[in-house]
Amino acid sequence: MISIAVCDDEILVCDQIAKKIRTFLEERQIPCLIRQFNSGKELLETSEQFDIVFLDIIMEELDGMQTAELFRQKSFDGILIFLSSSGSYVFDAYEVEAFWYLVKPVSEEKMKNVLNRAVQKIRQVSKDFIIVTQQRQKKKLFLSDIYYFEIRGRMIYAHQSEEILEFYEQIGLLEQQLLGKGFFRCHKSYLVNLNYVKSYDRQEAVLDNGERIIIARRRYDAFCQKILDFLL
């Protein structure tokens with residue numbers, strides 16, 4: 001789950017930018033949580049953690065540069081992308097380690113390009129993987145590529161966007177390897193990647209790729225708590 005903040009004192013512009021971001025990420029089946037803020041003060045007062053912050057520069061009271069500097073002081077080490085109707089602040093952006101500088105109005109093509117680069121950077125930083133044995137060969141399995149693991153006896157099937165990789169493993173050992181990595185065993189036969197859960201009810205979870213995963217009745221409450229902890 002990629003967490004994103006959009007801060008712009010023009011409410012309509014803020015909403016438009018957020019919609020462009022959401023549309024692009026949904027097209028790529030990348031789960032995201034987007035929060036909108038209409039002043040630097042609002043952004044600084046939140047206790048939420050973000051992977052990416054889109055920040056307007058020309059704002060009343062606290063401008064974007066001041067907000068960025070104070071936000072960095074709060075230990076924000078994520079990706080900072082500036083938005084401005086003027087290109088005159090571009091060199092100042094380096095002072096707060098900006099990732100990119102976008103001039104309004106931002107075209108869809110430019111937004112896609114910058115988001116692509118930002119997502120790639122995030123994934124490079126947090127590329128968790130496990131080592132599995134397949135046909136006597138060791139393979140790296142990157143967890144961000146896995147929608148869910150399916151268990152059939154001693155065979156594990158790792159469902160990815162373009163292929164299903166199978167390997168032998170004890171489910172208990174696999175669960176241990178995945179602790180703290182965003183997976184939950186919602187049924188005796190499934191370990192689901194919470195990053196890709198789009199919606200759920202008492203019977204099943206619907207993933208971003210449209211697949212449906214059964215949630216065992218006795219695991220439902222724990223699943224709800226895990227989802228809540230994961231989002232926060």
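**Close-up views of a parallel sheet and its helices**

**Figure 1. β4 meets β5.** Leu83 stands opposite Leu102, a residue of β5. The model shown here is predicted. β4 and β5 run parallel, and four bridges join them. Strands of a sheet pair through backbone hydrogen bonds, in either a parallel or an antiparallel way. β5 covers residues 100-103.

**Figure 2. β4 is a covered strand.** How many of the residues of β4 are buried? Six of its six are, so the strand counts as mostly covered (buried means under 20% relative accessible area). Its side chains part in two directions. Ile79, Ile81 and Leu83 point one way. Leu80, Phe82 and Ser84 point the other way. Both sets are buried.

**Figure 3. β3 lies beside β4.** These two strands pair in the parallel sense, over five bridges. Val53 has Leu80 of β4 as its bridge partner. Phe54 stands opposite Ile81, also in β4. Between the two strands, the chain passes through α3. This β-α-β crossover from β3 to β4 is right-handed.

**Figure 4. Five strands make an open sheet.** In what order do the strands stand? The order is β2-β1-β3-β4-β5, with parallel pairing. β2 (32-37) and β5 are the edge strands, and each pairs on one side only. Neighbouring strands of the sheet are turned by 15° against each other on average, direction ignored. Helix α1, residues 11-27, packs on this sheet. The helix touches β1 (2-7), β2, β3 and β4. The direction of α1 makes about 175° with that of β2.

**Figure 5. Helix α3 has a buried side.** Helix α3 spans residues 64-73. Which of its residues are buried? They are Gly64, Met65, Thr67, Ala68, Phe71 and Arg72. Why do they lie on the same side of α3? They cover an arc of only 160° around the axis, which puts them on the same side. An α-helix has 3.6 residues a turn, so residues three or four places apart point the same way. What do the buried residues of α3 pack against? Their partners are α2 (40-45), β3 (52-56) and β4 (79-84).

**Figure 6. The two ends of α3.** At the start of the helix, Asp63 makes a contact with the backbone. One of its side-chain oxygens reaches to within 3.0 Å of the backbone nitrogen of Met65. Met65 is also one of the buried residues of α3. The other end shows a backbone feature. Just after α3, Ser75 takes a positive phi of about 75°.

**Figure 7. Glu95 sits in a loop.** This loop lies between β4 and β5. Is Glu95 buried or exposed? Glu95 is exposed, with a relative accessible area of 69%. Along the chain, Glu95 and Asn38 are 57 residues apart. Their C-alpha atoms are separated by 23 Å.

**Figure 8. The whole chain, for orientation.** The chain holds six helices and 15 strands. Of its 232 residues, 45% count as buried. Its C-alpha atoms fill a box of roughly 60 × 40 × 30 Å, taken along the principal axes. Consider contacts between residues at least 6 apart in sequence: 50% of them join residues at least 24 apart.

How values were computed
Residues numbered from 1 in each chain as written. Predicted model: local features only at pLDDT ≥ 70, side-chain atom pairs only at ≥ 80, totals over all residues. Heavy atoms only, no water. Buried < 20%, exposed > 50% of the residue type's maximum accessible area, 1.4 Å probe, protein only. Arc of directions from axis to C-beta. Contact = heavy atoms within 4.5 Å. Polar contact = N/O pair within 3.5 Å; in protein donor to acceptor, adjacent residues only side chain to side chain. Pairing = 2+ DSSP bridges. Axes fitted to C-alpha atoms, helices over the stretch in contact; angles between N-to-C directions. Right-handed = clockwise from strand over helix to strand, strands pointing away.
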